[in-house]
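Biologist: I would like to learn how to read a protein model, one feature at a time. Can we go through one together?

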Amino acid sequence: MTLAHRFLATLAGALLLCPALAQNLPPEVDAALARAKVPREAVALLVLDAEGKLPPRLSHRASAAMNPASVMKLVTTYAALDLLGPAYQWRTPVYLDGAVKGGTLFGNLYIKGQGDPKLVAERLWLLLRRVQGLGIQKIAGDIVLDQSAFAPLDFDPGSFDGEPLRPYNAAPEALLINFKTIVMTFVPDLAANTASVQYEPALAGVQMQASVPLASAPTGTNGIGAACGDYRTALKGDFSDPARIRFAGSYPASCLEKVWALAYADPASYGTRAVAGLWQQMGGQLSGSVRSGAVPPSMLGLPPTFDIASPPLGEVIRDINKYSNNVMAQQVFLTLSLAQQAPATPAASREALQRWWQARIGTRDAPLLDNGSGLSRQERISAQALARLLQTAWASPLMPELMNSLPIAGVDGTLKRSRAQSMGRAHLKTGSLNGVLAVAGYVHAPSGKRYVLVALINHANANAARPALEALLDWTVGDNGAHGPD
């Protein structure tokens, strides 16, 4: 590094640490914040080169600790890439406790969860198909689901925002099946004047209404009717009874086919119902029941009959960051301590991540962690801490995996509908809660420069300030050769 670069790096650090040296906000950003009625004091902004060799182009309240919402997933996912490796896979072992004769397992079948974030319905089907591939059509015992790898959580899915049926409020668990979510597909049939309802997965012991009437079309129309509108409200669904899903309303034919994902009303019984329902749907027989329990200690020292592997971590974090999947992020967060102790706990994972932060990012501005997903009112981090993490990642061999996991502005994920003019020129993690709006990631300017951009807004009007963040992105892209040649 030249003397000039050393000086500039020192100046960059001083600007990060001293808010008094911050520049004025770009006029277009300032105006958008004013229109949203968000004061400057509720905003932290930082734009600097990805390599950390130059002073920040923009630094405003960069040292303020703020709620980042789902931008906190950057911390969890990069730490996981660094600690576990992008090829890391979760393995779910299956044990047979008994002999197989004439197509019958005379004993129990055990499925031991190890934190797989993506044991979705189709992968559960593959697991049970492997069981049948062993010549088992009937189990003369129980199917036992072992959740012991994660410590039990005292968790109320409605505690965060009073929306317990929203899939994003699902709690993590060692054997997380299909995110504890029911996916309902509505398909209108004009000839029958009904819409069929398909459910994935089938849940044992739950009555699921197979069809709903179509909404009446206005006179003189072709039967399709008016605009789709709020079809979920029109359906008047009742999901309060875990043993029954029913609809008192109707479905607008103009909606065509729609998919509605919903968290199950009794999450504690979801796993047992899903396994029992799918086993039955596959033609399997069960003399006992599907229940929670533990693999006998005598079997844990033996190789499992087989196991199934998750997609690699590098692929898993794409789902987490592109679509901001909270429960998957929490599964990864708990996995950070599972390698060191069992059962994994949030406290142990917080300690593991803090140790990693001090070793890799530095001793300053460590984040305040809760569950690692950003779905929290307690988590805090500063813009300058996020920028250091992103600069560290930029210099790392893991940079392609992390960047590939981030939404591309105006192209995909949570940024697909971005109205910024700089379509395709930024990979940014987004975050949004009531009163919180945030983005952080990398911006690629036409000049060839690469920037780290971090923006955090904590204010009651935060969600009205999206145009301000889009203006900030466009300003960053239009660098016009900012800083001159390197």
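Biologist: Which residue follows H6, and is its phi positive or negative?

Modeller: This is a predicted model, so please keep that in mind. H6 is followed by Gly283, and the phi of Gly283 is positive, near 90°.

Biologist: How many residues of H6 are buried?

Modeller: In H6, 10 of the 12 residues are buried, so the helix counts as mostly covered, given that buried means under 20% relative accessible area. Among the buried residues are Tyr270, Arg273, Ala274, Leu278 and Trp279. The elements that cover them include H4, S6, S7, strand S8 (181-189), strand S15 (285-286) and strand S16 (290-292).

Biologist: Is Gln281 buried or exposed, and why?

Modeller: Gln281 lies in helix H6 (residues 270-281). Gln281 counts as exposed because its relative accessibility is 58%, and the cut-off for exposed is over 50%. Sequence distance and spatial distance can also be set side by side. Gln281 and Lys258 are 23 residues apart in sequence and 24 Å apart in space, taken from C-alpha to C-alpha.

Biologist: Which residues of H8 are buried, and what covers them?

Modeller: Helices have a general rule that helps here. An α-helix has 3.6 residues a turn, so residues three or four places apart point the same way. In helix H8 (residues 313-323), the buried residues include Leu313, Val316, Ile317 and Ile320. Helix H3 (73-84), helix H9 (326-338), helix H12 (399-404) and strand S19 (426-433) are among the elements covering the buried part of H8.

Biologist: What about strands: in which sense do S4 and S5 pair, parallel or antiparallel?

Modeller: Strand S4 (residues 91-101) pairs with S5 in the antiparallel sense, over eight bridges. One of the residues to look up is Val94, whose bridge partner in S5 is Ile111. The two strands form a hairpin with two residues between them, and Gly102 in the turn has a positive phi of about 55°.

Biologist: Which strands run parallel to S5?

Modeller: S5 pairs with strand S6 (residues 138-139) in the parallel sense over two bridges, and Thr104 stands opposite Lys138 in S6. Between S5 and S6 the chain passes through helix H4 (residues 121-133), and this β-α-β crossover is right-handed. S5 also runs parallel to strand S7 (residues 143-146), joined by four bridges. There, Lys112 stands opposite Asp146. Strand S5 (residues 104-112) is mostly covered, with eight of its nine residues buried.

Biologist: How many residues are in the largest nonpolar core, and which have the most contacts inside it?

Modeller: The general idea comes first. In soluble globular proteins, nonpolar side chains tend to be buried together. Here the largest nonpolar core has 55 residues, and Leu74, Leu389, Tyr442 and Val454 have the most contacts inside it. Helix H11 (residues 383-394) gives the largest share of this core, eight residues. Leu74 touches residues including Leu386, Leu389, Leu402 and Ala440. Apart from this core lies another, of 47 residues, among them Val206, Ala253, Ala274 and Met282.

Technical notes: Residues are numbered from 1 along each chain as its sequence is written. This is a predicted model: local features need pLDDT of at least 70, side-chain atom pairs count only at pLDDT 80 or more; totals for chains, interfaces and linings use all residues. Side-chain values use heavy atoms; hydrogens and water are left out. Buried means under 20% relative accessible area, exposed over 50%, partly exposed in between (1.4 Å probe, protein chains only). Two strands pair if DSSP finds at least two bridges between them. A crossover is right-handed if, with the strands pointing away from the viewer, the path from the first strand over the helix to the second runs clockwise. A nonpolar core is a set of buried Ala, Val, Leu, Ile, Met, Phe, Trp, Tyr and Cys residues joined through side-chain atoms within 4.5 Å. Contact means heavy atoms within 4.5 Å.
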